[in-house]
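Student: I have a new model open on my screen and would like to walk through it with you. Shall we take it piece by piece?

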Amino acid sequence: MTHQTVGHARPDADGPLADCPDGALVPPGADEPHCPVDVTLATLAGRWTPLVLREFLRRDQATYSELSAALPALSDKVLSDRLAQLTGAGVIARHRTPGWPPRVRYTLTERGRALEPVVRSMWEWGTAGRETTAGDPA
């Protein structure tokens, strides 16, 4: 005898998130995400990553020193790690100018520019949440 599962129809079954079936989700520790939401989260993973990306969206390109000055709470190690992560994801590109001392400039790629609506949505959501909680007693 087979059992029929009774449930509620998912409203987004044919919507924009339908192309990410549950089977596409990657468990923690797996190599590569397959779900588009997981891909985005993996790109923006880690504390400070969205803020480093925000700086690139504001200025399009920057040196390590400029980023360090713009984000003084970041340690050198964290900033270096985030730059390597974003470079590996194709969000920014690293350009080294020969000479002494060598100069390195990071630039936002087209893939990085495509994340602007994501960061803008985060900004708007955070702004609305801050305004909502500002009037709530803690």
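Student: Which residue in β3 is the bridge partner of His 95?

Tutor: Happy to start there, and keep in mind that this is a predicted model. β2 spans residues 92–97, and β2 pairs with β3 in the antiparallel sense over six bridges. In β3, the partner of His 95 is Arg 105.

Student: What is the order of the strands in the open sheet?

Tutor: The sheet has three strands, with antiparallel pairing. Its edge strands are β1 (61–63) and β2, each of which pairs on one side only. Neighbouring strands are turned by 25° against each other on average, direction ignored. The order is β1-β3-β2.

Student: At about what angle does α2 run to β3?

Tutor: Let's look at how helices meet the sheet. Helix α4 (residues 76–88) packs on the sheet and touches β2 and β3, its direction making about 110° with that of β2. As for α2, this helix lies across β1, β2 and β3, and its angle to β3 is about 85°.

Student: Which residues of helix α2 are buried?

Tutor: Buried here means under 20% relative accessible area. Helix α2 covers residues 49–59 and is followed by Asp 60, whose phi is positive, near 75°. The buried residues in the helix are Thr 49, Pro 50, Val 52, Leu 53, Glu 55 and Phe 56.

Student: Now for Thr 109: is this residue buried or exposed?

Tutor: Thr 109 sits in the loop between β3 (103–108) and α5 (110–113). Its relative accessible area is 19%. The cut-off for buried is under 20%, so with 19% Thr 109 counts as buried.

Student: Which residue has its backbone oxygen 2.5 Å from a polar atom of the Thr 109 side chain?

Tutor: Start with the contacts of Thr 109, leaving aside neighbours within four places in sequence: they are Gly 90, Val 91, Ile 92 and Ala 93. One of these supplies the backbone oxygen that lies 2.5 Å from the side-chain polar atom, and that residue is Gly 90.

Student: To zoom out, what pattern does the protein follow along the sequence?

Tutor: The protein has six helices and three strands. Read along the sequence, they give α-α-β-α-α-β-β-α-α.

Student: And what percentage of the accessible surface belongs to carbon and sulfur atoms?

Tutor: Buried residues make up 21% of the 138 residues. The accessible surface comes to about 10100 Å², and the share belonging to carbon and sulfur atoms is 57%.

Methods
Residues numbered from 1 in each chain as written. Predicted model: local features only at pLDDT ≥ 70, side-chain atom pairs only at ≥ 80, totals over all residues. Heavy atoms only, no water. Helix = DSSP H or I, 4+ residues; strand = E, 2+ residues; numbered from the N terminus. Buried < 20%, exposed > 50% of the residue type's maximum accessible area, 1.4 Å probe, protein only. Polar contact = N/O pair within 3.5 Å; in protein donor to acceptor, adjacent residues only side chain to side chain. Contact = heavy atoms within 4.5 Å. Pairing = 2+ DSSP bridges. Axes fitted to C-alpha atoms, helices over the stretch in contact; angles between N-to-C directions. Areas by Shrake-Rupley, 256 points an atom, 1.4 Å probe, with all protein chains shown as cover.
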